[in-house]
Amino acid sequence: MENEMRRKHWFSFPSLTVSLKVPVAVLMVLFGMIPMLLCTQVLIGTLRQIQTDSRMVEVQNQCQILSSKMTRTGYLRGDSRDGTMDSEIQAMADVYNGRIVVVNRDFRIVQDTFHIAERRFLVAEEVVRCFQGESSSKYNKDKHYFAQAIPIYDSTPIKGIEGVLVITASTEGILSLMDTVYDKALFLEILVTLVLILAAMGVVTMLLRPFQELQKKLNQVAAGALDTDIRTDSYRETKDISRAVGSTLSKLKEVDQSRQEFVSNVSHELKTPITSIRVLADSLMGMGEAPVELYQEFMEDISDEIDRESKIIDDLLSLVKLDKSEAEINLSQVDIVVLVKQILKRLRPIANKKNVELILESIREVTADVDETKLSLAISNLVENAIKYNSAGGWVRVTVDADHKFFYVKVADCGIGIPEEEQDRIFERFYRVDKARSRATGGSGLGLSITRRVVLMHKGAIRLTSKEGDGSIFTLRIPLNYIA
Ligand code: ADP
């Protein structure tokens with residue numbers, strides 16, 4: 001259900017899944033473009049400033065030369081009214097695409113290259129200040145022009161300043177030059193951006209190639225080729241991912257293999273009693289007129305085989321129930337000594353049949369948070385085994401003890417023991433040390449797996465110490481209080 005919803009989600013918003021290539025390429029292009037745009041802006045700004053400043057200095061110098069000439073020729077006194085000076089003033093105004101106004105001591109305009117304000121008065125602040133000896137220079141950024149006021153000295157130094165030359169010149173020319181530079185820069189920027197996009201796409205494709213290789217291999221795995229070598233060591237990231245997936249895969253393979261083994265074991269185990277029943281029934285039928293005692297004997301064997309079959313099925317069902325991930329644990333405060341006493345009481349008839357003595361050793365009173373039914377099944381399996389794999393006249397001792405954290409149930413017997421090399425495997429499903437003997441005793445081969453599963457559910461541990469021929473000791477260690 002959840003998967004389906006997730007699938008639907010992906011189908012509804014396919015556009016949300018972007019390839020890693022996109023952000024990486026966009027970032028690369030941005031990292032290239034932003035500094036380039038900033039650089040061109042700063043460079044063009046600086047260039048414009050330098051151009052304007054040098055134009056202003058140049059104009060100032062030229063005006064100063066002009067003013068000196070006026071002083072020398074006595075222009076304002078009317079000594080050289082032959083027009084040469086006027087043409088020079090006009091020429092200079094034209095060269096700098098501006099307007100020159102000459103004001104005399106009475107603030108009257110004596111020359112205006114635009115010829116619109118002659119004979120009028122010009123009492124501007126700059127002009128007044130200039131008469132006081134302060135030449136001024138102003139630049140109007142918004143209207144793109146600058147204005148300068150330069151004093152015209154009298155030929156006799158005592159008389160001081162006899163007029164002011166005011167020049168206003170436009171910087172439009174510089175601006176249009178800058179526009180041309182800007183257009184060229186823009187063209188270059190677009191070109192570089194295109195190159196950057198192509199380069200970014202190429203680099204990103206190259207950088208992500210190992211990830212694509214890994215993806216291809218994973219697709220093969222998804223298609224069922226579980227043995228595909230998915231190692232991709234090009235980057236640490238691909239190496240880590242492929243390693244993680246590899247170990248998940250090998251775990252999956254193990255699970256798959258053990259599932260297959262389990263299924264084949266189950267079929268084999270279930271088939272064995274049926275085969276025996278068939279053999280017994282067939283031989284009975286083949287006998288024709290057989291004595292009643294023989295029929296009885298065979299029927300008893302058939303009944304034993306049926307018991308075995310149902311024991312296997314019961315154990316399998318318990319195991320399947322325990323294996324379910326949502327297997328519930330029904331905790332309650334249980335007196336462990338009482339629980340063990342009940343188990344021993346139930347098993348005593350079997351023990352007596354085998355002439356095995358059952359001993360309970362209770363070191364202290366123990367009450368713990370456990371699932372009574374499941375724990376009872378686990379301990380019963382151990383005691384049953386201790387009886388089954390014992391010799392006549394033997395004993396089984398069950399000891400109950402505890403410390404401040406755990407309680408311990410020890411099941412010791414003086415039976416046949418378990419060879420060291422088999423000790424790790426006996427907790428596996430259907431594993432038996434002596435196949436024939438175990439079947440003969442009616443074992444399903446599932447008892448110890450059930451016990452271990454129950455102990456793990458209680459967050460406990462199981463330990464075995466045994467020596468072949470000397471008996472075995474199974475010890476359960478379970479927390480007194482269940483740890484969630
Ligand atoms: P089974 O139903 O065959 O007894 P178990 O899972 O309970 O299955 O035990 C697995 C195997 O471990 C048994 O077949 C037996 O060979 C061995 N085993 C278990 N308990 C003992 C024991 N107390 N002494 C000797 N062997 C044991």
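Visitor: Which residue forms a salt bridge with Glu125, and how far apart are the closest N and O atoms?

Guide: Happy to walk you through that. This is a predicted model, in which local features need pLDDT of at least 70 and side-chain atom pairs count only at pLDDT 80 or more, while totals for chains, interfaces and linings use all residues. Residues are numbered from 1 along each chain as its sequence is written, and side-chain values use heavy atoms, with hydrogens and water left out.

The partner of Glu125 is Arg129, and their closest N and O atoms are 2.6 Å apart. A salt bridge here is a side-chain nitrogen of Lys or Arg within 4 Å of a carboxyl oxygen of Asp or Glu. Both residues sit in helix H4 (residues 125–131), four residues apart, which separates them by about one helical turn. Helices are DSSP runs (H or I, at least four residues), numbered from the N terminus. An α-helix has 3.6 residues a turn, so residues three or four places apart point the same way.

Arg129 also meets the side chain of Glu134 in a salt bridge, at 3.9 Å from N to O. As for solvent, Glu125 is partly exposed, with a relative accessible area of 49%; Arg129 is partly exposed at 33%, and Glu134 is partly exposed at 43%. Partly exposed lies between buried (under 20% relative accessible area) and exposed (over 50%), using a 1.4 Å probe and protein chains only. For context, the structure holds 18 salt bridges.

Notes. Helix = DSSP H or I, 4+ residues; strand = E, 2+ residues; numbered from the N terminus.
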